[in-house]
Amino acid sequence: MQTRDELSDKVSPRFAGVTDSPKTYQATSPPFRIAAVVAAWLVPGGGHIVLGRYWRGLLFLVLISGSFFFGLSLHGRLYWPQTDKTAMFHVDLISVLWTFAQIGAGSCYWLAQALGLGLVPRPEAATYEYGNTFMFLAGLLNYLLIMDAYDIAAGRKR
Amino acid sequence: MHLLMMSMYASITAIVLAAIEQKPESTRERVIHGLKVFASFMVIGLLLSWLLYPIPW
């Protein structure tokens, strides 16, 4: 008759992938996690750079800021919530969503805002919608990267 | 033009998603995962465009 521990030793390697608890890695202190999240929002890939994932961070910086400015070069528009007296809460809700998507790109958004790029909508341009799509993509992907940076800082990921 | 933009969109998304995915243990697995994401975007995009093309509005 096998004891419970012997049986467990025999069976467990076969189910190691199924039964193992999630791997944990070295976690950083809460203030450092917040710093990583803020850096990740301000500079796409910045959170990963702060956490020592330099190449990954650089790759994200090139991809996210590249996507954002590529969108701008295609006559994409920089969104900001528009007032609409006829709408609920007197605000055009779709413009709030578009702003949320774009503002995720952090410094790219504020830099474009400061330089006055994309402030005048040009819907007549053939590439207007393409441009907007790439700018939304940049912001939304950066939200994913912010969460990824937090997970790394919290020791949940490599 | 549209296909080019779609490929660029799919490439950027696939690279980012493959880079942040936790499961792949090696670079090779990560690249394969990225290629799968890219292929999914392209195939689903083309399929949707083909299905929606006859709709007149």
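Analyst: One term to start: two residues are in contact if their C-beta atoms, placed from the backbone, lie within 7 Å. This is a predicted model, where local features need pLDDT of at least 70, side-chain atom pairs count only at pLDDT 80 or more, and totals for chains, interfaces and linings use all residues. Residues are numbered from 1 along each chain as its sequence is written, while chains are lettered from A and ligands numbered from 1 in the order in which they are written.

User: Ok, how many helices and strands does chain A have?
Analyst: Chain A has eight helices and zero strands. Helices (H or I, at least four residues) and strands (E, at least two) are DSSP runs, numbered from the N terminus.

User: What does helix 7 of chain A pack against?
Analyst: Its buried residues pack against helix 5, helix 6 and helix 8 of chain A. Buried means that 20 or more other C-beta atoms lie within 10 Å of a residue's own; exposed means 12 or fewer, partly exposed is in between, and C-beta atoms are placed from the backbone.

User: Which residues of helix 7 are buried?
Analyst: C108(A), Y109(A) and A112(A). Looking down the axis of helix 7 of chain A, the buried residues fall within an arc of 100°, so they line one face. That arc is taken from the directions from the helix axis to the C-beta atoms. W110(A) and A114(A), on the other side, are exposed.

User: And which residues have the most contacts inside the largest nonpolar core?
Analyst: Among them are C108(A), A36(A) and A40(A), in a core of 38 residues. Helix 8 of chain A gives the largest share, twelve residues. A nonpolar core is a set of buried Ala, Val, Leu, Ile, Met, Phe, Trp, Tyr and Cys residues joined through C-beta atoms within 7 Å.

User: What does A40(A) touch?
Analyst: Leaving out residues up to four places away in sequence, A40(A) touches G46(A), G47(A), L145(A), I146(A) and A149(A).

User: Switching topic: where is H75(A)?
Analyst: H75(A) sits in the loop between helix 5 and helix 6 of chain A. Its phi is near 70°, a positive value in a residue other than glycine. F89(A) is in the loop between helix 5 and helix 6 too, with phi near 60°.

User: Is each one buried or exposed?
Analyst: H75(A) counts as buried because it has 20 C-beta neighbours inside 10 Å. F89(A) has 9, so F89(A) counts as exposed.
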